[in-house]
Amino acid sequence: MTKINTSLHSSRRKSRKAHFSAPSSVRRTIMSAPLSKELRDKHNVRSIPIRKDDEITIVRGSNKGRAGKVTSVYRLKYVIHVERVVREKSNGQSVPLGIHPSKVQITKLKGDKDRDNILERIAKGRAEKAERTKA
């Protein structure tokens, strides 16, 4: 069987190196989060890169079910920080908990011109593909 995508490597060592030394622009796409059922039906898109001010629900881990707004996207560590999802330090100070974007679900998108264009472009491509498979 031949390789489907020749630009990606199947070696564990090289895949890990590519992941952990990825530039910020690539990390953005890696840090994509799935959309909720309602948004998925509305936009015909399954997931989208997460950004600050998106409203999310945590779907995995000890904070499962907690909802909030994304306060920061920490690309260097591949985590996002969500408001009110914090841990108390021994000196009483609160520290935001890092959560991986794949473990959350976007419930409300912070829309702007560029993001609307992205959603439109993806939906258009999906519609064209659906037409081609019908014919």
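Modeller: A residue is called buried under 20% relative accessible area, exposed over 50% and partly exposed in between, with a 1.4 Å probe and protein chains only. Buried residues in that sense make up 24% of the 135 residues in the protein. The model is a predicted one, in which local features need pLDDT of at least 70 and side-chain atom pairs count only at pLDDT 80 or more, whereas totals for chains, interfaces and linings use all residues. Residues are numbered from 1 along each chain as its sequence is written, and side-chain values use heavy atoms, with hydrogens and water left out.

Colleague: What makes up the protein in terms of helices and strands?

Modeller: Helices (H or I, at least four residues) and strands (E, at least two) are DSSP runs, numbered from the N terminus. By that rule the protein has four helices and seven strands, and their order from the N terminus is α-α-β-α-β-β-β-β-β-β-α.

Colleague: How do you know that aspartate 112 forms a salt bridge with arginine 51?

Modeller: The term requires a side-chain nitrogen of Lys or Arg within 4 Å of a carboxyl oxygen of Asp or Glu. For aspartate 112 and arginine 51 the closest N and O atoms are 3.1 Å apart, so the pair meets the cut-off. The two residues belong to distant parts of the chain, 61 residues apart: aspartate 112 is in the loop between strand 7 (104–108) and helix 4 (113–134), while arginine 51 is in the loop between strand 2 (47–49) and strand 3 (55–58). A search of the whole structure finds four salt bridges.

Colleague: Why is aspartate 112 called partly exposed?

Modeller: Its relative accessibility is 28%, a value between the 20% and 50% limits, so aspartate 112 is neither buried nor exposed. Arginine 51, with a relative accessible area of 26%, is partly exposed as well.

Colleague: Why does arginine 115 count as buried?

Modeller: The relative accessibility of arginine 115 is 6%, under the 20% limit, and therefore arginine 115 is buried. Aspartate 54 is buried too, with a relative accessible area of 0%.

Colleague: Which residues is arginine 115 in contact with, leaving aside its neighbours within four places in sequence?

Modeller: With contact taken as heavy atoms within 4.5 Å, the residues are Ile48, Pro49, Ile50, Arg51, Asp54, Leu109 and Lys110. A polar atom of the arginine 115 side chain also lies 2.8 Å from the backbone oxygen of proline 49.

Colleague: Why does arginine 84 count as exposed?

Modeller: The relative accessibility of arginine 84 is 57%, so the value is over the 50% limit. Arginine 84 forms a salt bridge with glutamate 83, where the closest N and O atoms are 3.3 Å apart, and glutamate 83 is partly exposed at 30%.

Colleague: How many residues has the largest nonpolar core?

Modeller: A nonpolar core is a set of buried Ala, Val, Leu, Ile, Met, Phe, Trp, Tyr and Cys residues joined through side-chain atoms within 4.5 Å. The largest has 21 residues, and those with the most contacts inside it are Ile50, Ile56, Ile80, Val104 and Ile106. Strand 3, strand 5 (79–88), strand 7 and helix 4 are the elements that give two or more residues to this core, and strand 5 gives the most, with three residues. Isoleucine 50 touches, among others, Ile56, Ile80, Val104, Ile106 and Arg115.

Colleague: Which residues form the covered face of strand 3, and which the uncovered one?

Modeller: Ile56 and Ile58 form the covered face, while Glu55 and Thr57 form the uncovered one. In a regular strand the side chains alternate between the two faces of the sheet.

Conventions: A polar contact is a pair of N or O atoms within 3.5 Å; within protein, one must be able to donate a hydrogen and the other to accept it, and residues adjacent in sequence count only if both atoms are side-chain atoms.
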